[in-house]
Amino acid sequence: MSQQANSERIFRLESVTKSYPGRVALAPLSLTIGAGEAVAVAGPSGSGKTTLLHLMAGIIQPSAGSISLDGQALSELGPGRELSSLVGVIHQQLDLVPHLSVVHNVLAGRLGQWGLLRSLVSLVTPRDRHLAAAAIERVGLADRLFERTSRLSGGEQQRVAIARLLVQDPRVIIADEPVASLDPARATDLMGLLSSIAGDTGKTLIASLHSIEHARDYFSRVVGLRNGVLLFDTPVHELSQDALRELYELRGLEVDVAD
Amino acid sequence: MRCGSSTSCVDSRSMSLISFRLLEGRGLLTLLLLGAVAWSLTSVPWSRDILHPGGARALAQILGAIFSLDLSPPFLRLAAEAAWTTVAYAVAGMTLALGLGLPLGILSSGVLAESRWARWASVSGVRFILGSLRSVHELVWAWLFVVAIGFSPIAAVLALALPYSGILGRIFAEVLNDVRQEPLSSLRSSGASELKVLLYGRLPMALPDMASYAFYRFECAIRSAAIFSFVGIAGLGYQIQLSLDDLLYGQVWTLLLFLVGLVALVDLWSSAVRRRLVS
Amino acid sequence: MSHKPTAHHGARSSRPRLDVVSASVLGFAILAAGSWTYILWGGDSGLAGLFRQETWRGAGGFVRDLVGTGSSGTAAYLEADSWTNAARLSIDTLAMSVLAAGIAGAGALLTFLPAARNFALGELGGARSVAAGAPYVALRGLFAITRGVPELMWAMLIIFVFSPGVLAGALALALHNYGILGKLSAEVVENLDPRPARALRAAGASNAQTLLYGIIPQALPQLLTYLLYRWEVIIRTTVVVGFVAAGGLGREFRLSMSYLHYDEVGLLLVCYLVLVVGVDLASAGLRRLAR
């Protein structure tokens, strides 16, 4: 963690836990993330990756501990404009409205900024069209702007979701398994796109990943989670085979917090 | 005690399987329904004069008249005009019902409420209003309106719109609540308020189902508008009543064919639309 | 959907096409514009009356009479006689609705099988034949006609033959609902899983056995559920049919209306609402048994 000591800190999690009745989803966890970093969260399914990302996105509240985002307590940021200008979220594929045309799904990224009247008018004649056009071009779907979203393939829909994030323009992109439902070739394309967009615009990218390969290629830092416990937090080039084996091993006994 | 689940009363079951089976679920339901129908039969005063004196002759006359339809051009024009009046009332009533039912449906779905208390108040309050609107049959509404504001097309339109908005509102609320949740939470994380989530997520996703149901109701509205005649409102039903009063059964059948044809036409239209919307 | 064809397709379909749905919505909008024009400008619409003070005064007086605070006083609400009379009429109305549902249900139960297309085509067992095709066409036609004519209109016709009363009203309601139930239950059979019936035939079951063990048990719960739903509609309509068929609350409603006894009308409306709510609750409870 020494390497980003100088950069501005965007996320600071202190002893954050999340528990549900009868189950601890996330054991006390502390983490700092610098602005502009690309952090991969790795771990087997059920390890608490999604819980961690949802906590950071303000979708769920921690049971204990505190999360600060850009120096402010996350719990005090109002939903809507304030939070949406800081954090944008992308899920696995299910987050577009299939019945709307692509342009409206992209412009939904502006809903935090727009007033109600503007939102209403935009459904008839799209507002801020240049923003939508630029974003959709950036993700390589320039000619599909007025098509019904349901006609697009899974990978294309995921690109539209990225275009929405571009229009929303948050400082942090949180991506929960963004490529889980795509075939390997398309998954690599999309990961590359997401990472180059974050790099070009200086956004912080935090993504949970199933495959460690993508982490090696597109991220500078890897956080390993297992059974809700932080296993390691290391620059990607220092990631050892031992750490990986421990992370994905089925035995799963006597897990240490390797920090 | 009736045996509810299969595991709770294994002992008694094994003792008299059949008699217990009869008293649960469908067996009980069948017995109840048969009992109810038997009871209802006792309330009919069975006697010889349950048939109208001369009823058989009247029936033969009515049925015979099917072969002597009144197809004279002036009468056909009259029938067509009456059919158009019925359609106009049905369509106007439907548009008003949609205009009332959509906001009421949104309010009673509780999707706009930010707090739990506001949600409870909006859901139960508006649901009560919707329930009262649709409890009363449209013809009773029509009669009340005719007495309150007089015979007029507006009375017909209002009488149709009120109960139909109650029905549409209830269904719209269900559909709005049943849409997939993931796109909605994604919109919220883009900073959308619940009202904007409604505009950009719930409504676009619910629209096909809502339109499908509205077209089905349109079909019913035609039938409802036709019977408004009974309280003196113009249309096909009014002409049928006039012809019946004059014992002109040939005209009655012509008008009935217009009505059946009209309903069948709208039926075909609405099922064609709904097939597309659902797939 | 593969990647390349959609990209190609996308360039063309970025312009909205006029499909059945948008054409129908457009058609309905034109119809709506025409209807409102006809109503508002095709003669006296009565809309102007809505903005006249005397209309509102009249309507207000009517509502006060209904709830028993108007000029005709609270007579109906305070007299024990009018309550017992209304209760008796409510029971008649309930009986009429049950009888109607019973007749319609029995009729549908007897005829829904031959009206199912897959049965007529012999897909559920039995041979495909012209003999099965004729009942199919005839029954579907019968459903369309009985369903197409509203209950009230059936009532107007039926009182030529039957004396006005509970039976005449129930028959009128039953005819219309028979058409609806018949169509719905035939569709249930058409959507049935054909495999159990086929397996039974393969095991050597006769036609009748296939029906009894393979088809009717599958279709019956859905049919009962529809019947209970229709009962909820029937109870609302029973009053209306009573206007002409002269049974139950409807007849009294009509009489009180014509004698301008609006306090009695109000009392009858209260009974009507109690019946409607009661039947809704009963039907919901019974539907749970049907599952």
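I began with strands β7 (residues 172–176) and β8 (residues 204–209) of chain A, which run parallel and are joined by 5 bridges; strands here are DSSP E runs of at least two residues, helices H or I runs of at least four, both numbered from the N terminus. In this pair, V172(A) stands opposite T204(A) of β8(A).

I noted that the model is predicted, with local features needing pLDDT of at least 70 and side-chain atom pairs counting only at pLDDT 80 or more, while totals for chains, interfaces and linings use all residues. Residues are numbered from 1 along each chain as its sequence is written, and chains are lettered from A and ligands numbered from 1 in the order in which they are written.

I then followed the open sheet of chain A, where 6 strands stand in the order β6-β7-β8-β3-β9-β10 with mixed pairing (two strands pair if DSSP finds at least two bridges between them). Its edge strands are β6 (87–90) and β10 (229–235) of chain A, each pairing on one side only.

I looked up the helices over this sheet: α6 (residues 154–168) of chain A lies across β6 and β7 of chain A, at about 175° to β6(A), whereas α7 (residues 184–201) of chain A lies across β3 (38–42), β7 and β8 of chain A, at about 160° to β8(A). Axes are lines fitted to C-alpha atoms, for helices over the stretch in contact, and angles run from 0 to 180 degrees between N-to-C directions.

Turning to the interface, I found 55 residues of chain C in contact (C-beta atoms, placed from the backbone, within 7 Å) with 57 residues of chain B. Helix α2 (residues 20–41) of chain C supplies the largest share of chain C's side, 9 residues.

Note on methods:
Contact = placed C-beta atoms within 7 Å.
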